[in-house]
Amino acid sequence: IMHALLVRVGDEVFALPLTSISEVVKVTEEEISTVEGREILVLRESEIPLLRLADAYGVGGSSSARSKFVAVVRFGERLAGLVMDQVLRQQEVVIRAVGERVRGVPGIAGATEVGENQIALVVDVASLISGLGAARSLRREGHTAVVRR
């Protein structure tokens with residue numbers, strides 16, 4: 001059992017462990033920059049590398065939305081930003097094992113039921129970031145958990 005932030009990317013729901021989240025910020029696409037082929041968000045004078053959950057898991061994000069949400073996540077002392085379409089709610093979830101098809105996907109800790117007949121994949125933040133090679137350039141910084149809208 002863990003406390004999670006439920007987020008939406010396209011039609012999919014993901015559960016992010018609250019213990020990994022430093023803060024959530026609402027940004028416009030114009031606030032996201034590209035440096036050396038990588039997307040970043042400048043937040044309080046720090047460059048935070050971004051990873052779009054839609055790209056990481058091959059789901060269609062909401063391309064029509066002018067604004068997105070970024071969960072600034074921490075693993076160890078490193079930070080990264082996970083880009084999603086919508087923040088749904090906080091919820092206590094029970095993590096269940098996943099089947100063979102999903103087990104090999106980087107960054108999946110399990111699955112959980114978040115509503116009647118609705119399943120969300122539980123994101124393993126550290127393995128997601130490490131598995132996609134973003135860990136080497138992440139900033140070292142600490143924040144307190146805050147959701148801003």
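Student: What makes up the accessible surface of the protein chain, and how many Å² does the surface come to?
Tutor: About 8100 Å², of which 45% belongs to carbon and sulfur atoms; the areas come from the Shrake-Rupley method with a 1.4 Å probe, and for residues only the protein chains shown count as cover. Keep in mind that this is a predicted model, where local features need pLDDT of at least 70, side-chain atom pairs count only at pLDDT 80 or more, and totals for chains, interfaces and linings use all residues. Residues are numbered from 1 along each chain as its sequence is written, and side-chain values use heavy atoms, leaving out hydrogens and water.

Student: Why is R78 called partly exposed?
Tutor: Its relative accessibility is 31%. Buried means under 20% relative accessible area and exposed over 50%, with partly exposed in between (1.4 Å probe, protein chains only), so R78 counts as partly exposed.

Student: And where does R78 sit?
Tutor: In strand β8, residues 78–84; strands are DSSP runs of E, at least two residues long, and helices are runs of H or I of at least four, numbered from the N terminus.

Student: The structure holds one aromatic pair. Why is the pair of F14 and Y57 called stacked?
Tutor: Rings of Phe, Tyr and Trp (its six-membered ring) pair if their centres lie within 6.5 Å; planes under 30 degrees apart count as stacked, over 60 as edge-to-face and the rest as tilted. Here the centres are 5.1 Å apart and the planes at 25 degrees, so the pair is stacked.

Student: What parts of the chain does the pair link?
Tutor: Distant ones: F14 lies in strand β2 (residues 12–17) and Y57 in helix α1 (residues 53–57), 43 residues apart. Both F14 and Y57 are buried.
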